[in-house]
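Biologist: Please go through this model with me, and set each term against its definition as we proceed.

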Amino acid sequence: MADIKYEIVEEIGILSETAKGWRKELNKISWNGAAPKYDIRDWAPDHEKMGKGITLTKEEAEKLKELL
C-alpha cells in the first residue's frame, strides 16, 4: 500500500476523547499535497496513528451544518 502523506493545516476542535487518549477531532487536513479539506476522525495523542474518518469539502461541510 502506498504511503499516505498528510499535513494538519488547522486543528479546529476535539469532539470527544477515550480513556486511552484517542480523540475524535475536526481538523483541516491536506492529503497528499492537495488543497485542505475538513476532516473528522479519531487520532492517537501524538497524531501518529489515525482511525477511519470522513473528509468534507467546504461545500459539503456547509451542507452538513445546514442539515444539523
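Modeller: The protein chain holds one helix and four strands, in the sequence pattern β-β-β-β-α. The model is predicted: local features need pLDDT of at least 70, side-chain atom pairs count only at pLDDT 80 or more, and totals for chains, interfaces and linings use all residues. Residues are numbered from 1 along each chain as its sequence is written, and side-chain values use heavy atoms, with hydrogens and water left out.

Biologist: Why are S1 and strand S2 said to pair?

Modeller: Two strands pair if DSSP finds at least two bridges between them. S1 and S2 (residues 23-31) have nine bridges, in the antiparallel sense, and therefore count as paired. Glu17 stands opposite Arg23 in S2.

Biologist: Why do strand S1 and strand S4 stand at the edges?

Modeller: The four strands form an open, antiparallel sheet in the order S1-S2-S3-S4. S1 (6-17) and S4 (50-56) each have a single partner strand, so one side of each lacks a neighbour in the sheet. From one strand to the next, the twist averages 25 degrees.

Biologist: What makes about 90 degrees with the direction of S4?

Modeller: The direction of helix H1 does, and H1 packs on the sheet, touching S3 and S4. Axes are lines fitted to C-alpha atoms, for helices over the stretch in contact, and angles run from 0 to 180 degrees between N-to-C directions. Contact means heavy atoms within 4.5 Å.

Biologist: Why does Arg41 count as buried?

Modeller: Buried means under 20% relative accessible area, exposed over 50%, and partly exposed in between, with a 1.4 Å probe and protein chains only. Arg41 has 10% relative accessibility, so Arg41 is buried. Buried residues make up 19% of the 68 residues in the protein chain.

Biologist: Which backbone oxygen does the side chain of Arg41 reach?

Modeller: That of Gly51, at 2.9 Å. A polar contact is a pair of N or O atoms within 3.5 Å; within protein, one must be able to donate a hydrogen and the other to accept it, and residues adjacent in sequence count only if both atoms are side-chain atoms.

Notes:
Helices (H or I, at least four residues) and strands (E, at least two) are DSSP runs, numbered from the N terminus.
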